[in-house]
Amino acid sequence: MTRSRFVAGLILGGLVLTSSGCSDTFNAGPLEYVSAVTLTQDVPGKTNLAGKQPLQDKVRAALAGLFGDSPQRIRVPEGSGLPGGGIYLASYKLEGDGANARRKRIYRPRADGTPDPSRPQAGGYAIYRRNCLHCHGVSGAGDGPTAPYLFPIPRDFRQGLFKFTSTPNGARPHRDDLRRTIKNGLHGTSMPAFHALLSADEIEQVIDYVIFLSMRGETELMLIEEAGTADENDPDALEEEVVKELADGVFNKWKTAQEQVMNPSIARTPATRESILRGRDLFLGRTKEKLECAGCHGMLAQGDGASFVSKEVFDSIVFGGNPSERAARLSALDEKTRTLWTQKLDVWGNPLRPANLNRGDYKGGRRPIDIYWRIAKGINGAQMPAHDSTINERQIWDLVNFVLALPYEPELLTEAGNEPQRAKLADTATAR
Amino acid sequence: MRNWSILFALAAIASVAAFLYAPFSADWWLPNPPDQTHHVISAFGREIDNLFLIILFITGAVFIGTQVVLVYSSYKFVDEMDEHGKPKRAATYSHGNNRLEVIWTIIPGAILVFLAVYQVGTWASIKFRSAAPRVAPLAEITARQFQWVIRYPGPDGRLNSPDDLVVVNDFHFVKNKQTLIYLKSSDVLHSFYLPHLRIKQDAVPGLTIPVWFDSDTAGSFEIACAELCGWGHYKMRGKVTIHETETDFQRWVSDQLTEQNKSQLTMTAGAEGR
Ligand SMILES: [Cu+2]
């Protein structure tokens, strides 16, 4: 009889497996935000709360009060400026206070505006969890399980800094910038293009969630900064007033950035030979402005400029062995190279390489306006400086024309002394 | 234990029922436009499906035949005991049957040879380079971990020049027109798969492989990667849009080019928003 019991067990097991694994409403177990390193650890040169338990608790409590204590119990502070007051962030709304709060399901509206019980809203968090979390992590710290295998590693949203933006250097991104990144991906990195994978509505929801994580992360850093100035045993440290003010400061940065998109006041100069050559001279620092492009990007724009560590050193540190032993490889470098290495990290502390401009892959997009923004206002957090204060718009367009032409005419730099011969260019173009 | 033969019979009946049901359900049948379950949209698709159906009929008939024999013999010749616990029937021993063996080797062999010869024409028209249509390539598609980078020639009509249109995971072509693309890979093996057109071609690093197809229906379909190419393999899903007319397609191209050539924001920023 044991045999028939075995068969029955097999069939039952199969049924359970097939009915549980495929459901879309399947919800992972409790998820927890990771906290900023400076909350509990001593980081030299940065304000931190290492060893100051009461202050740590206060920061945690303030953060949970503002944004909810876990991604499954999201709260949206008033004044966040998120669309619909944050209604698109999740599939539910928290009603009530503290531990008694209950989750109430959100349904998408019918044409007449009443909720339609047959169409539950997925919400930004669910879309993020399914598509982004494995890279960008639960808290948006860029520490998902896939992250250690990638170069460059995924963005940590928690400083509020984004690289490919249309707003002034250091400002928060415009919503359109995030939308472009998510729709088109970042070419040449592992950040995928989602426009074929997500609907327009889902993309809007996930943008909301990215902004939410970014605001939450930045608020956490501000709280730590603020608490760092307080006395450990001061019962009044981080009062409600102060917390609210800090959070509003963070929200306001996002609000002002939406009005600060940089729109070139003149259209692109036609990409004539003259314009391209003017751009080349600017790039090589041959004009009176003495631009440093080639110092970073290299004389041949292959991303090997003298002001960064050499490509060989870079590759041996980043790719030359087990990623967890990178520190050991670094300490084997001589003093000078090591100092240079530390100076040329990005603000997130990750290794960084100037772009090879011969490849024609642009992370932030290939439209002239994208390249214009990169040159005019720099790339946030990535060493590439803003140039709009040193050169005028016409000169920026000349540089754009040069950058866009270079992948098809490497002769522009290899024969930088002489006027490239048109006949030869035509030859190589057809051969390719 | 006669029950086993009943279990076998049920399994066989369920399998046959699944096959009989499949043509009546769009979800179970081969990928075709929604609401047109039996309309294969490409010429190659129709040939491939014919081959598929021939094989399905042959294997189906063989399956039914062998299952009938299996169920019948396990029912008929089940080991029965008498009241003393001794088998009722003595086992018989044989050295097999040479004639039967030859027959059931030759028949499947002949079927295989038939299929091998019968499909040559289809294979040649889909894969032989000499069969490629003499048209200019519509696009160059480069697979990379983990996306399809699609490059259309710009106004100068040449690929790999500065005016090319470059899009990701978004492939467009025109209905009722032989379409030729060049397939490349910039890292590892991928496989360019258009399920609705029944087109599947590996993308091999270092090779430029021509792929051609057509469609008699406009609409929106999908691209998939059919070669496990790394952890993000599943992300290589793209959109295919088949335009009704060349004019529609050209309009799409010029809209995309306008966007790609954008040098100033025309509307106030934020107009793209919700
Ligand atoms: Cu692939």
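Trainee: Where does Pro152(A) sit?
Mentor: Pro152(A) is in the loop between α5 (133-136) and α6 of chain A. Helices here are DSSP runs of H or I with at least four residues, strands are runs of E with at least two, and both are numbered from the N terminus. The model is predicted: local features need pLDDT of at least 70, side-chain atom pairs count only at pLDDT 80 or more, and totals for chains, interfaces and linings use all residues. Residues are numbered from 1 along each chain as its sequence is written, chains are lettered from A and ligands numbered from 1 in the order written, and side-chain values use heavy atoms, without hydrogens and water.

Trainee: And the peptide bond from Phe151(A) to Pro152(A), cis or trans?
Mentor: Cis, with omega near -10°. Most peptide bonds are trans.

Trainee: What kind of bond joins Gln145(B) and Phe146(B)?
Mentor: A cis peptide bond, with omega about 0°. Phe146(B) is in the loop between β1 (139-144) and β2 (147-152) of chain B.

Trainee: What about phi of Asn160(B)?
Mentor: Asn160(B) has a positive phi of about 60°, though it is not a glycine. Its loop runs between β2 and β3 (165-168) of chain B. Asn176(B) also has a positive phi, near 55°. Asn176(B) lies between β4 (170-174) and β5 (179-185) of chain B, in the loop. Most residues other than glycine have a negative phi.

Trainee: Is Asn176(B) buried or exposed?
Mentor: Exposed, because its relative accessible area is 56%. The cut-offs are under 20% for buried, over 50% for exposed and partly exposed in between, with a 1.4 Å probe and protein chains only.

Trainee: New topic. How many residues of chain A are in contact with chain B?
Mentor: 41 residues of chain A, against 30 residues of chain B. Contact means heavy atoms within 4.5 Å. The two chains bury about 3100 Å² between them, 54% of it on carbon and sulfur atoms. That area is the accessible area (1.4 Å probe) lost by two parts on being put together, summed over both.

Trainee: How many salt bridges are there between chain A and chain B?
Mentor: The count is 1. Arg367(A) pairs with Glu259(B), and the closest N and O atoms are 2.6 Å apart. A salt bridge needs a side-chain nitrogen of Lys or Arg within 4 Å of a carboxyl oxygen of Asp or Glu.

Trainee: Which elements of chain A touch chain B with two or more residues?
Mentor: α1 (2-21), α6 (175-184), α7 (200-228), α14 (368-377) and α17 (422-431). The residues on that side of chain A divide into 19 nonpolar, 12 polar and 10 charged. Nonpolar covers Ala, Val, Leu, Ile, Met, Phe, Trp, Tyr, Cys and Pro; charged covers Asp, Glu, Lys and Arg; the others, Gly among them, are polar.

Trainee: What average pLDDT does chain A have?
Mentor: 87, and 89% of the residues score at least 70. pLDDT is the predictor's confidence in each residue, from 0 to 100. Residues 20-26 of chain A stay under 50, with 2 contacts beyond four places in sequence. Residues 418-432 of chain A are also below 50, and that stretch has 22 contacts beyond near neighbours in sequence.

Trainee: Last one. Is Asp281(A) buried, exposed or partly exposed?
Mentor: Partly exposed, because its relative accessible area is 25%. Asp281(A) is in helix α9 (residues 273-283) of chain A. Leaving aside neighbours within four places in sequence, Asp281(A) is in contact with Arg286(A) and Thr287(A).
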